[in-house]
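Here's a look at which side chains pair up in this one, starting with charges and ending with rings. Have the model open while you read.

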Amino acid sequence: MIKKIAMAGMAAALLVSCTGNRSGKAGDSKISEKMLPSIETMNGDLFLLAGTYTSGEGSKGIYLYRFNTDTGNSDSISMVEVDNPSYLTLSPDERFIYAVSENNESGSAVHAFSFDKRSGKMELLNSRPVNSNGPCYITIDSKGRNVHTANYGGGTITSFQVKEDGTLTSAVSLISFRGSGPDSVRQKSAHLHSVRYSPDGQYLFAADLGSDKLYRFDINDTPFEGQPALRDNSQKEFMMPAGTGPRHFDFHPDRGRYLYLLGELSGEVIVFDYAFGELTQKQIIPADTTGARGSADIHVSPDGRFLYASNRLQADGIAIFSIDPDEGTLTKTGYQLTARHPRNFVITPNGKFLLAAGRDDDKIQVFRIDAETGLLTDTHQDIHLSKPVCLKFTEKN
């Protein structure tokens, strides 16, 4: 069993405020304004952050759990209220959390939170407008100095700088994109869906579902205050097959030798050799064979042996691939059905578990990963939470 929260005199109050996230309706309670008691952990424990879509009767914001990577057990710790935090990222030192509020332009924002790992308390530091519609992804550089959001509805990337205290400046740049694709409904205009740094930190890549493009920007590593980190005149386009609908992508853990891009509309994974900012396409393989046009998230296992891609709308589940150790190419080895609408999933750093956020079934499923085959087994250790859509692990200390 995971150890109980220390300071027994305060434990009862904490459990009353948090246990609703595990077996009852999430969001029934608020985090106490008082400092939470110190949390004791055991070997294998990580913190799990869950972003949600919020509502009057459902989730209220970001939720924090303790997750044991040896047993798959979890406990609810705390939460902080914020509107529609559909994607999260952490500073490199994990002292700060940054989240988008995925709303229309008037309500779209990015938020900075302090994160006290001793107590599990998350506290809002400041919020800034994104100045665009529908921010759905957020990333930060390896030095913790620059934050970028991908804004689906606006077809833009908004960039912010991070101050010494973890707060965010006003937006320092807003880059707009134009373009369309063959789907006259879903590709009428640009729809930026994700932004990520290359493993060496020299480039920022951005996936545009609307125009079937992957963009690349050079990085200004030492910008002055108020100066954008992205060199907009360095923009390069990599064209994907028509109708791909690029959504999310991941780099191979071995020095980023390969880039894997998932097409939301095509349901295919495109494999590239990657070197010094350049991409060479080498394989296209189906992740969704139903034609549902709802593929979502993609991740390579920490050991680089397996790749997983989630699909929604029909036969909701996760496609499983083995990765050729010499070429980086994929072979499909299995398919795991999941709760409805697995918009996002995460793999534990030790590679033992995969957690899938089933948005429409209001739960996070815990799957054990077979170390030899990469196949998934449902442990039935669900974490019950209203509309979970983003999962992130952090170290316990």
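## Charged pairs and ring pairs

Let's start with Arg 312, which forms a salt bridge with Glu 264, their closest N and O atoms sitting 3.3 Å apart. Keep in mind that this is a predicted model. The two partners come from distant parts of the chain, 48 residues apart: Arg 312 is in the loop between β21 (306-311) and β22 (317-323), while Glu 264 is in the loop between β17 (258-263) and β18 (268-275). Are these two buried or exposed? Arg 312 is buried, and Glu 264 is too.

How many salt bridges does the whole structure hold? A search turns up 21. Here are two of them, alongside the one we began with.

| Salt bridge | N to O distance |
|---|---|
| Arg 312 – Glu 264 | 3.3 Å |
| Lys 352 – Asp 70 | 3.4 Å |
| Lys 143 – Asp 221 | 2.9 Å |

Take the Lys 352 and Asp 70 salt bridge. Lys 352 lies in the loop between β24 (342-347) and β25 (353-358), and Asp 70 in the loop between β2 (61-68) and β3 (74-81), so this pair ties together parts that are 282 residues apart in sequence.

Next up is the salt bridge between Lys 143 and Asp 221. Again the pair links distant parts of the chain, here 78 residues apart: Lys 143 is in the loop between β8 (135-140) and β9 (146-151), and Asp 221 is in the loop between β14 (213-219) and β15 (230-239). Lys 143 comes out at 44% relative accessibility, which makes it partly exposed, and Asp 221 at 40% is also partly exposed.

Now for the rings. The structure holds 12 aromatic pairs. One of them is Phe 47 with Phe 115: the ring centres are 6.0 Å apart and the planes meet at 70°, so the pair is edge-to-face. Phe 47 belongs to strand β1 (residues 45-52) and Phe 115 to strand β6 (residues 109-116), so to speak a link between distant parts of the chain, 68 residues apart. Both Phe 47 and Phe 115 are buried.

Which residues make up the aromatic cluster? Phe 205, Phe 238, Phe 249, Phe 251 and Tyr 274 form one together.

How values were computed
Residues are numbered from 1 along each chain as its sequence is written. This is a predicted model: local features need pLDDT of at least 70, side-chain atom pairs count only at pLDDT 80 or more; totals for chains, interfaces and linings use all residues. Side-chain values use heavy atoms; hydrogens and water are left out. A salt bridge is a side-chain nitrogen of Lys or Arg within 4 Å of a carboxyl oxygen of Asp or Glu. Helices (H or I, at least four residues) and strands (E, at least two) are DSSP runs, numbered from the N terminus. Buried means under 20% relative accessible area, exposed over 50%, partly exposed in between (1.4 Å probe, protein chains only). Rings of Phe, Tyr and Trp (its six-membered ring) pair if their centres lie within 6.5 Å; planes under 30 degrees apart count as stacked, over 60 as edge-to-face and the rest as tilted.
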